[in-house]
Amino acid sequence: LKSRLWNYIILMLVTYGFEVASCITAATHRDFFTPNLFLKQMLEKYQNPEPANNDDKWMSEGVTRTWDRLMLQNQCCGVNGPSDWQNYMSVFRSRNSDSEFPWPRQCCVMDVQGIPINLDGCKLGVSGYYNNKGCYDIISGPMNRHAWGVAWFGFAILCWTFWVLICTMFYWSRIEY
């Protein structure tokens, strides 16, 4: 019985070590959700007509659909604002001239039917005809909450496991051969 309990304690200590690592990773990687991460992905993948392979094609289509939906539903444009599409080189910029489309049509203010209320005003950057706020705050809020939730859940499991291990070690020390 004592050797089996000793094996259990050793395995639980190994598991406890992995739980500590995952809790620390969840807590520290919540800062990974920076605007530059989303900006890089958006600029490289949005409307990419020539992906390197099928996986990249699938990813580019998914990024494009996600950004289109995000910008339409939340009346936002780009990560930091519409200037992202002009200040940085992107696949979208290489396919569209600045005078024709300085930013995607999803950045335009739409009517209830999903048609820009004034496409020329949107292209020219006339206030009220394009969405001038960035989407980062909308993206980062839920992601940060999720990362904190995972970290705190891991911490709660660590607290419980710590006391279980202490009690098990105490019981193990009291067992006589």
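**Notebook: the largest pocket and its helices**

I began with the pocket: helices H2, H3 and H7 each supply at least two residues of the lining of the largest pocket. The model I am reading is a predicted one.

I looked up the share of each helix next. H3 gives the most, with 8 residues of the lining. The space in this largest pocket comes to about 230 Å³.

I then listed the lining by name. Phe38, Gln41, Met59, Gly62, Val63, Thr66, Trp67, Arg69, Leu70, Gln73, Ile139 and Met143 line the largest pocket. Sorted by class, I find 7 nonpolar, 4 polar and 1 charged residues in that lining.

I turned to H2, residues 35-45. Its buried residues are Phe38, Leu39, Met42, Leu43 and Lys45. I noted that Phe38 is buried in H2 and also lines the largest pocket. The cover over the buried residues of H2 includes H3, H4 (84-87), H5 (91-95) and H7. After H2 comes Gln47, and I read a positive phi there, near 55°.

Last I checked H7, residues 136-174. With 39 residues at 1.5 Å a residue, H7 should span 57 Å, and its end C-alpha atoms are 57 Å apart, so the two values agree. I listed the buried residues of H7 as Tyr136, Ile139, Ser140, Gly141, Ala147, Ala151, Gly154, Leu158, Thr161, Leu165 and Thr168. They pack against H1 (2-28), H2 (35-45) and H3 (54-74). Ile139 is one of these buried residues, and I had already met Ile139 in the pocket lining.

Technical notes. Residues numbered from 1 in each chain as written. Predicted model: local features only at pLDDT ≥ 70, side-chain atom pairs only at ≥ 80, totals over all residues. Heavy atoms only, no water. Helix = DSSP H or I, 4+ residues; strand = E, 2+ residues; numbered from the N terminus. Expected span 1.5 Å × (residues − 1). Buried < 20%, exposed > 50% of the residue type's maximum accessible area, 1.4 Å probe, protein only. Contact = heavy atoms within 4.5 Å. 1 Å grid on protein atoms, 1.4 Å probe; cavity = no way out; pocket = protein on both sides within 12 Å on 5 of 7 lines; lining within 4 Å. Points joined across faces, edges and corners; volume = space filled by probe spheres on them. Nonpolar A, V, L, I, M, F, W, Y, C, P; charged D, E, K, R; others polar.
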